Amino acid sequence: MISESKLLDRQILKNGDKSDQSLLWMLVLLLSFGLLMVYSASIAWAGDDGNPWKIVEKQAQFVALGCTLAFALFWVKMSFWRRASVWLLAGNTLVLLAALIVGEDTNGAKRWINLGFFNYQPSETYKLAVILYLAAFFNRRAEVLKQLKSLIFPGAAVGIGLGLILLEPDLGAMVVTTLIALGMLFLADLPKKWFSFAVAAGLCGLVLAVLAAPYRMARVSAFLAPFDDPLGAGYQLTNSLIANARGQWFGTGLGASLDKRFFLTKSEAHTDFIFAVISEEWGFFGLCLLVFCYGWLVWRAFSIGKQARDLELFFSSFAAYGIAIWLGVQSFFHIGVNIGLLPTKGLPLPLVSYGGSAVVVMIVSMGLLLRADYENRRKMRGYKVEV
């Protein structure tokens, strides 16, 4: 009986596509939907200065920049990223340090570096740098993962960056990056006892980080009982839950959200709580379609990774796995916060939320995923692919 993966390989060879058209169109769909929802979520207040389009115009510029970079980088071989991975991680770690020194202080956090035309957030590029670094490490040294001493250097290299992100402070980005690293370690077949130790250490670190900061404890308390303080610590979550309830099955209609107009603040309706706006305007069925889109993206990324592994393109395989984990974890966290499943933490919805660094880096990651798929197809056709 022919396996599903072999049937897919035969279909690829038969139709002659050089890249995954379904993945490309799903990317276009989510980006277009994101622009629509950024406009809908910001129009209530963006026009205060006479230009209701200013927020979506900026987002369109970010999307255009991301697509331009992704198209250019699509033609760069995956082997280049393997060779450059150490330098990318080291450079990004230095930029994280620079953000703590010269970054803009916004509400007590130094997460951004002002580049003039937009604020660059180094923690976003650090996520991709960690994925490429670990993919290259596993590609080179998969046989020594059974030796604990072989993990000391990569663990320290990644840990320094995680520490700098926590100092910004940005607990959400640190948790997402940590889960990406742990997921890749699991897929690299790290011995169970070491993996369990790493998970336990991560959980202890998370608990300590929450206990050490009173405002984080307040968020946890608000998460457990948001309606006890609906105008204080529970303000964001209670209004997000109300928006979800107001949407019911089919939503109030595009642009008809009340929450974005009166309750969610200008800095959050189109970023950290855009899912609540989507929930209110598109309803439960709309949310199901959006969740399906993210689930399909994650599945497709894992499929590309599995195919690369079967073709012995191990760097591409781990890179695709890392991107899949990143997509899955961050979209789950954003949605979980918006529906009251997780404590409030600012994380953008991938490819949909407003934000320069977040959307540009995620589009670039999709470009790398398309490149990995392209090299898979070339190798199946008999071409030599540099590893």
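In this predicted model, the second largest cavity is lined by Glu 124, Gln 330, Pro 348, Leu 349, Pro 350, Leu 351, Ser 353, Ala 358, Val 359 and Met 362. Its volume is about 50 Å³. Helix α14 gives the most to this lining, with 3 residues. Sorted by class, the lining of the second largest cavity holds 7 nonpolar, 2 polar and 1 charged residues.

Helix α14 covers residues 356–380, and Ser 365 lies in it. Is Ser 365 buried or exposed? Ser 365 has a relative accessibility of 0%, so it counts as buried. Leaving aside residues up to four places away in sequence, Ser 365 touches Leu 128, Ile 323 and Trp 326.

How many cavities of 30 Å³ or more does the count give? The count comes to 2. The largest cavity has a volume of about 70 Å³. Around it stand Met 78, Ser 79, Arg 82, Asn 139, Leu 313, Phe 314, Phe 315, Ser 316, Glu 375, Glu 386 and Val 387. Helices α4 (78–102) and α13 (314–338) each supply at least two residues of this lining. By class, the lining of the largest cavity divides into 5 nonpolar, 3 polar and 3 charged residues.

One of the residues lining the largest cavity is Ser 316, which is found in helix α13. With a relative accessible area of 4%, Ser 316 is buried, because buried means under 20%. The contacts of Ser 316, not counting residues up to four places away in sequence, are with Met 78, Ala 308, Ala 372 and Glu 375. Of these, Met 78 and Glu 375 are also among the residues that line the largest cavity. Val 387 is another residue of that lining. Ser 316 and Val 387 are 71 residues apart along the chain, and 8.8 Å separates their C-alpha atoms.

Two or more lining residues come from each of α5 (122–141), α6 (152–167), α7 (171–187) and α8 (192–211). Which of the elements gives the most to the lining of the second largest pocket? Helix α8 does, with 8 residues. The classes in this lining are 22 nonpolar, 4 polar and no charged residues.

From the spaces we turn to the packed side chains. The largest nonpolar core has 99 residues, and those with the most contacts inside it are Met 184, Ile 278, Leu 297 and Leu 349. Leu 349 also belongs to the lining of the second largest cavity. Ile 278 touches Phe 33, Met 37, Gly 283, Leu 287, Leu 290, Leu 349 and Val 352, not counting residues up to four places away in sequence.

In one of them, the ring centres of Phe 186 and Phe 195 are 5.4 Å apart and the planes lie at 50 degrees, so the pair is tilted. Phe 186 is exposed, with a relative accessible area of 53%. The rings of Trp 249 and Phe 285 also make a tilted pair, because their centres are 5.7 Å apart and their planes are at 35 degrees. Trp 249 lies in the loop between α10 (235–247) and α11 (259–262), and Phe 285 in helix α12 (residues 274–310), so this pair ties together parts that are 36 residues apart in sequence. Trp 249 is exposed, at 52% relative accessible area, whereas Phe 285, at 42%, counts as partly exposed. Elsewhere, Phe 137, Phe 138, Phe 302, Phe 318 and Tyr 321 form one aromatic cluster.

Last comes the chain as a whole. Its secondary structure comes to 14 helices and 3 strands. The protein chain has 387 residues, of which 51% count as buried. Among its contacts between residues at least 6 apart in sequence, 74% join residues at least 24 apart.

Technical notes
Residues numbered from 1 in each chain as written. Predicted model: local features only at pLDDT ≥ 70, side-chain atom pairs only at ≥ 80, totals over all residues. Heavy atoms only, no water. Helix = DSSP H or I, 4+ residues; strand = E, 2+ residues; numbered from the N terminus. Buried < 20%, exposed > 50% of the residue type's maximum accessible area, 1.4 Å probe, protein only. Contact = heavy atoms within 4.5 Å. 1 Å grid on protein atoms, 1.4 Å probe; cavity = no way out; pocket = protein on both sides within 12 Å on 5 of 7 lines; lining within 4 Å. Points joined across faces, edges and corners; volume = space filled by probe spheres on them. Nonpolar A, V, L, I, M, F, W, Y, C, P; charged D, E, K, R; others polar. Core = buried A, V, L, I, M, F, W, Y, C linked by side-chain atoms within 4.5 Å. Phe/Tyr/Trp six-rings, centres within 6.5 Å; stacked < 30°, edge-to-face > 60°.
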